[in-house]
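The sequence and structure come first.

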Amino acid sequence: LESAVDFNKRYAARSRLDVVSKSLTRMAQEILLQQENNSASLLLGTFADNKANLVSHTSTKSLTLDDFNKLLTAQKRNNSSWVGGTPEQAKGVTDLIVSPERIQDLREMAYNPVNTKVGGQTAAANTSGAVAASDAVRNAVYSQSGLPEFFGVSIMEIYELGIGQRFTKVADALGITSGADDLCIGLDRSRDAMIQGIAVDGESGSTLTVSADDQYSVRQKKIGYFAALEEARAVINDKAIISCIVA
């Protein structure tokens, strides 16, 4: 991963350290952005290669309690023992990565119906068949509007997911979603599933190498810096990740 910045020599001559500092900060941010893009491409590429890690589409355009429930069940079925039976250690979803819009869907459970089946309701009692969640569930959702946890699963909100957002565009390019879909990603953090290897300098022990960029001559009156980072990423256990498409 590489990044480079430059600025006019006069800023250094006038001790404009703010310009120097912001330039180096921008260079580091570009490296971090490349790392994020590499991570997203690898993770979403796993779903493209293994369709078993994708839960079927939901046509409600929102993440419902039923979708959440199916995601947990699908992950358990995806982690049976090698003979297809009950595993020695139960495995499931520990974290769910979602967009702000899907957090909105979870908050809506405090005042919207949550059922997909009419159950014991009669037409006279409930013509629409909609069943509200219990008061205890509604109060719990209402009291924790930030939703750090839902049904024992930690909720992680990131802005890169959502219709038309950066990570979702990667999923669109890989053929996982269409332009009108959103993605929810479930992780089992109790297992080692993804690894990142970073090359370390044998002498300094540093991972990010910053050097003066020698492409500028005296005539150009500029100073430049060049940063490089060498890394590798791999998914070693794709059964620890699962995804639900909200269409």
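C244 is buried, with a relative accessible area of 1%. The model is predicted. A search of the whole structure finds zero disulfides. C184 is in none; the nearest cysteine sulfur, that of C244, lies 5.5 Å away. A disulfide needs the two sulfur atoms within 2.5 Å, so the 5.5 Å from the sulfur of C244 to that of C184 is too far for a bond.

| Residue | Relative accessible area | Class |
|---|---|---|
| C184 | C184: 0% | C184: buried |
| C244 | C244: 1% | C244: buried |
| L24 | L24: 33% | L24: partly exposed |

The largest nonpolar core has 21 residues. L96, F150, I155 and C184 have the most contacts inside this core. Elements giving two or more residues to the core are the helices α3 (65-77) and α4 (100-108), plus the strands β3 (95-98), β5 (153-157) and β11 (241-246). The largest share, three residues, comes from β11.

What does F150 touch, leaving out residues up to four places away in sequence? Its contacts are L65, F68, L106, M109, V141 and I155.

Now the surface. L24, L208 and V210 make a nonpolar patch of about 210 Å². L24 sits in helix α2, which covers residues 17-49. A patch residue must have over 30% relative accessible area; L24, at 33%, therefore passes that cut-off.

How values were computed. Residues are numbered from 1 along each chain as its sequence is written. This is a predicted model: local features need pLDDT of at least 70, side-chain atom pairs count only at pLDDT 80 or more; totals for chains, interfaces and linings use all residues. Side-chain values use heavy atoms; hydrogens and water are left out. Patches are made of residues with over 30% relative accessible area and no salt bridge: like charges are joined within 9 Å, nonpolar side chains (Val, Leu, Ile, Met, Phe, Trp, Tyr) within 5 Å. Accessible areas come from the Shrake-Rupley method with a 1.4 Å probe; for residues, only the protein chains shown count as cover. A salt bridge is a side-chain nitrogen of Lys or Arg within 4 Å of a carboxyl oxygen of Asp or Glu. Helices (H or I, at least four residues) and strands (E, at least two) are DSSP runs, numbered from the N terminus. Buried means under 20% relative accessible area, exposed over 50%, partly exposed in between (1.4 Å probe, protein chains only). A nonpolar core is a set of buried Ala, Val, Leu, Ile, Met, Phe, Trp, Tyr and Cys residues joined through side-chain atoms within 4.5 Å. Contact means heavy atoms within 4.5 Å.
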